[in-house]
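Hello,

I am handing this structure over to you. Please look at it first, then read my notes below.

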Amino acid sequence: MTRTHYCGELRPAHIGQTVTICGWVQRSRDLGGLVFIDLRDREGIAQCTFDSDNPLSGDAAQTRAEWCLSVTGTVRERSNKNLNIPTGEVEIEVTELRVLSRAQTPPFEIEDDVRAGELLRLEYRYLDLRRPVLQRNIAIRHRAMQAVRRYLDGRGFYEIETPILTASTPEGSRDYIIPSRLHKGRFYALPQSPQQYKQLLMVGGMDKYFQFARCARDEDLRADRQPDFTQIDAEMSFVDLEDIYETFEGMIADLFGTFGISVPLPLPRLTWREAMERYGSDKPDTRFGFELKDLTDLTRECGFGVFANAKNVRCIVVDHEFTRKEIDTLTEFVKGLNVKGLAWHKAESSGFAKFLTEPELAAVCERAGFAAGSTLFAISDDNETLVKTTLGALRLECARRLDLLKPDQYNFLWITEFPLFEYSEEEGRFVAAQHLFTSPKDEDIPLLGGSDPGQSSETADLSKVRSKGYDMVCNGYELCSGSIRIHDAGLQARMFELLGIPKDEAERRFGHMLKAFSYGVPPHGGIGFGFDRLVMLLCQTANIRDVVAFPKTQSAVEPMTGCPSAMDAKQLEELGIGLA
């Protein structure tokens, strides 16, 4: 009984043909000798009919949900058509039935509108994967992967695998560490990114590289993050920023076009500073307005002490008149982000208007773009970054409550000119905002100061140095991050000096890179796309676990296999590991 068709393939054009389908029982109905079985596979559902005089009807009546069957019969027109499904105009008049395997009663119904909790479904992920919505998502993931491969192959990229067992990286997130049995006391790490390998491929003359890289980061999880994930990783030689933008926004347009989604090119661009000023985020959602406005200069001399005594006062205006109860819940929301409170103003009532003169209030409303029917929200604090990021979170929360976040609307843009350094309060010094091989903008190199050995960062103006780094964002998600790399040995040495990395430590940590870069390194740049997040957007879901075959929970546990699991004493002894 070799399968001839998938269940979901049958159409009126197949009427009169003898077919064999295989799949799982979605439901079985016995109507007094007339038996119907809805058989399901990854492509859809087909109705299999056993007329009352069919000698197989008794066996068919015994089948239960999720039994695995093979069915042969003749396709015929259905008398009671179901136009809600693609196969709803036909059915199979069964002549042969084979039970391939029986099934216990599943712990939840295999349907899209499942009521079972996510933890239970992850424990039985192999059953959850039978649900049509997840099978659709995995199919979209497959098609997306092939579209990217076709595009990059057409652009002259080589697909090259880099090692899974690597040296621990001292920067970025925490590594997942793997002990070595052959070299006791020494460890591999799972790659957070193939960053160094792909740059070494450029030194090796590969020119254009990509791979669907499996990466792992031991960091706190959220709805759009997994501990192990897939990255579209790429690098190009002899390129500048415009080459990167053109190549990879073209890839996105081609990928989304595969699914009938138009992405107008070129993509808009915002500098990091512009994004923070206007949206309070370096991954802004631009599907709606509510942009930030700076009121600091207008309120410095006003009678409202909350404004007058703060170094930063900024606001957003939301095109909706919130009730006092709604404003109270939004106030609690921003307090959870470490600000003291939320000032508000509406046409008929206000939390601060009585403290301002009429000219002051008029100036505030004009600057903010306030109009009747809207609500102005303002936040003040001495910490400028806190004010911006809190308002950025508030504008998103307001958009959620007003149902403005439409999943079928895609607003892509580039964020450019990220800071090359950021100040670490914990360490009391500047640290690299990205990895150590990110190039500064050419015009900002003088801000790095001289390159005399031993010159400290105090002689440089690191807070103003912009990088040749870039992110592509869409609908509030960071989809990729990348940069043009440093290829000048003197500039790289200066970076190490500014970050307080002595020569001997630089040699220990990056000696293989420095050695390679002494043999004629080409100018190069690259990018890494979060493939799982791209598929999330294509599937219009907000949960990354919906597009990964075997995901982990937010506590980095896989309920199905129970990992991470304990190791027995013999295994630990072989690895030379003792547990406290």
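The model is predicted, so local features need pLDDT of at least 70 and side-chain atom pairs count only at pLDDT 80 or more, while totals for chains, interfaces and linings use all residues. Residues are numbered from 1 along each chain as its sequence is written, and side-chain values use heavy atoms, with hydrogens and water left out.

Helix 4 covers residues 132-154 and helix 6 covers residues 241-258. They pack at about 140 degrees, with axes 9 Å apart. (Helices are DSSP runs of H or I with at least four residues, strands are E runs of at least two, and both are numbered from the N terminus.

Helix 4 brings Arg-143, Ala-144, Ala-147, Val-148, Tyr-151 and Leu-152 to the contact (heavy atoms within 4.5 Å). Among the helix 6 partners are Phe-248, Met-251, Asp-254 and Leu-255. By class, this contact has eight nonpolar, three polar and three charged residues. (Ala, Val, Leu, Ile, Met, Phe, Trp, Tyr, Cys and Pro count as nonpolar; Asp, Glu, Lys and Arg as charged; the others, Gly among them, as polar.)

**Two further helix pairs**

Helix 6 also meets helix 15. Their axes come within 11 Å and cross at roughly 40 degrees. This pair is therefore oblique, and its crossing is right-handed. Ile-252, Leu-255 and Phe-256 of helix 6 touch Leu-534, Leu-537 and Leu-538 of helix 15. That contact has six nonpolar residues, no polar and no charged.

Next, helix 10 (residues 324-335) packs with helix 12 at about 140 degrees, their axes 10 Å apart. That makes helix 10 oblique to helix 12. The crossing is right-handed. From helix 10 come Glu-326, Thr-329, Leu-330, Phe-333 and Val-334. From helix 12 come Thr-390, Ala-393, Leu-394, Glu-397, Cys-398 and Arg-401. The classes here are six nonpolar, two polar and three charged.

**The second largest pocket**

The second largest pocket holds about 800 Å³ of space. (On a 1 Å grid over the protein atoms alone, a pocket is an open set of points with protein on both sides within 12 Å along at least five of seven lines, where a cavity is a set in which a 1.4 Å probe fits but cannot get out; lining residues have an atom within 4 Å of a point. Grid points are joined across faces, edges and corners, and a volume is the space filled by probe spheres set on the points.)

The pocket is lined by 31 residues, and the closest to its centre are Leu-396, Arg-400, Asn-475, Gly-476 and Tyr-477. Helix 7 (272-279), helix 12 (384-401) and helix 15 (531-539) each give two or more residues to the lining. Helix 12 gives the most, with six. The lining divides into 15 nonpolar, eight polar and eight charged residues.

**Backbone points to check**

- Leu-265 and Pro-266 are joined by a cis peptide bond, with omega about 0 degrees. Pro-266 sits in the loop between helix 6 and strand 11 (269-271).
- The Cys-563 to Pro-564 bond is cis too, with omega near 5 degrees. Pro-564 lies in the loop between helix 15 and helix 16 (569-575).
- Glu-66 is not a glycine, yet has a positive phi of about 75 degrees. Its loop runs between helix 1 (57-61) and strand 4 (68-77).

Best wishes

Note on methods. Axes are lines fitted to C-alpha atoms, for helices over the stretch in contact, and angles run from 0 to 180 degrees between N-to-C directions. Angles under 35 degrees count as roughly parallel, over 145 as roughly antiparallel, 65 to 115 as roughly perpendicular and the rest as oblique. A crossing is left-handed if the near helix is turned anticlockwise from the far one by less than a right angle, and right-handed if clockwise.
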